[in-house]
Amino acid sequence: MAKYSKMEVLSAMKETGMVPVFYNADFETSKQVLKACYDGGVRAFEFTNRGDFAQEVFGELVKYANKELPGMIVGIGSIVDAPTAAMYIQLGANFVVGPLFNEEIAPVCNRRLIPYCPGCGTVSEIGRAQELGCDLCKAFPGDVLGASFIKGLKAPMPWSQIMVTGGVKPERANLEGWFKAGVTCVGMGSNLFPKEVIAAKEWSKITALCKEALDIIKEVRR
C-alpha cells in the first residue's frame, strides 16, 4: 500500500517542482541515487519500469525510503498497462506515471486514491485524462511538444496541472521556459544523472545537481 495520500503526493510534486526519473538494475546504485536526490531536497522520485526484475529493485527502494528517508515519496514510471500498475501499487508505489495514456490504468489507481499521471501529447488526451480523474497529466515528449504547447493548453484550460518530461535540463533558461509556460512541475531524467557520474559513484554530484535545479525552480517561480 502507498504510504502517502494522493494530496500529499501532488503537494510534494507541486511544492518542489521537480521529479527525478531514474532506472538502474542494481539496487545499491539505485539506493545511492535515491539518497543523493533526497539530500539535494527532492521529495518525489520516479523509478522507471524499464528492465527485467525492475519490480524487485523497486520494492526494496520503497522499503528503504520508508525506513530511512522521511518524507521521500517513491513512485513508478514507464507503466503502460493496468496489470503492471496494480503490481507496483501492491509493492507500495505512491504514484504511477506512464509514457502514454491507457484508460484502463485510471480506475486501478483511483480505487486506491493513487495519482495516475499519464503521458499525453494532445489537448484532447489531457482533457480525457482529466475526465477520468487524472489530476496531474504528463506532457510527453516535452522536447517535441515544446513550451508553447503548455502555454497554448493553459489558455483555454487554466485548471490543468501539467508535468513535462523529456528535454528538461537543470539549466536556468530551460527551466524558466517551462515554468513561465505554466507547468506544475518537471520530470528530469538523464540530464540529472550523467552516465559518467553514476559509473564513478560520485553521489555528491547528483546531490549538487538536484539542489541547483530546485534552487533555480524556486527563483523562476517568484
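Predicted model: local features only at pLDDT ≥ 70, side-chain atom pairs only at ≥ 80, totals over all residues.

Trainee: What is a disulfide, in general terms?

Mentor: A disulfide is a covalent bond between the sulfur atoms of two cysteines. To count here, the two sulfur atoms must lie within 2.5 Å.

Trainee: How does cysteine 185 compare with the cut-off, and is its side buried or exposed?

Mentor: For cysteine 185, the closest cysteine sulfur is in cysteine 117, at 7.0 Å, which is again too far for a bond. Cysteine 185 has a relative accessible area of 0% and is buried.

Trainee: Turning to the fold, how many helices and strands does the chain have?

Mentor: The secondary structure of the chain comes to 11 helices and nine strands. The radius of gyration is 16 Å, close to the 17 Å that the globule rule gives for 222 residues, so the chain is as compact as a globular protein of that length. Buried residues make up 54% of the 222 residues, and of the contacts with a separation of 6 or more, 61% are between residues 24 or more positions apart.

Trainee: Where is threonine 29 found, and which residues does it touch?

Mentor: Threonine 29 is found in helix 2, which covers residues 27–39, and it counts as buried at 12% relative accessibility. Leaving aside residues up to four places away in sequence, threonine 29 touches Phe22, Asn24, Ile198 and Trp203.

Trainee: Which peptide bond is cis?

Mentor: The peptide bond from phenylalanine 140 to proline 141 is cis, with omega near -5 degrees. Proline 141 lies in the loop between strand 7 (136–139) and helix 7 (142–145).

Trainee: What is the phi of leucine 113, and where is this residue placed?

Mentor: Leucine 113 has a positive phi of about 55 degrees although it is not a glycine, and its place is in the loop between helix 5 (105–111) and strand 5 (116–117). At 57% relative accessibility, leucine 113 counts as exposed. Lysine 201, which is not a glycine either, has a positive phi of about 55 degrees; it is found in the loop between helix 10 (195–200) and helix 11 (203–221) and counts as exposed at 56% relative accessibility.

How values were computed. Residues numbered from 1 in each chain as written. Heavy atoms only, no water. Helix = DSSP H or I, 4+ residues; strand = E, 2+ residues; numbered from the N terminus. Rg over C-alpha atoms; globule rule 2.2 N^0.38 Å. Buried < 20%, exposed > 50% of the residue type's maximum accessible area, 1.4 Å probe, protein only. Contact = heavy atoms within 4.5 Å.
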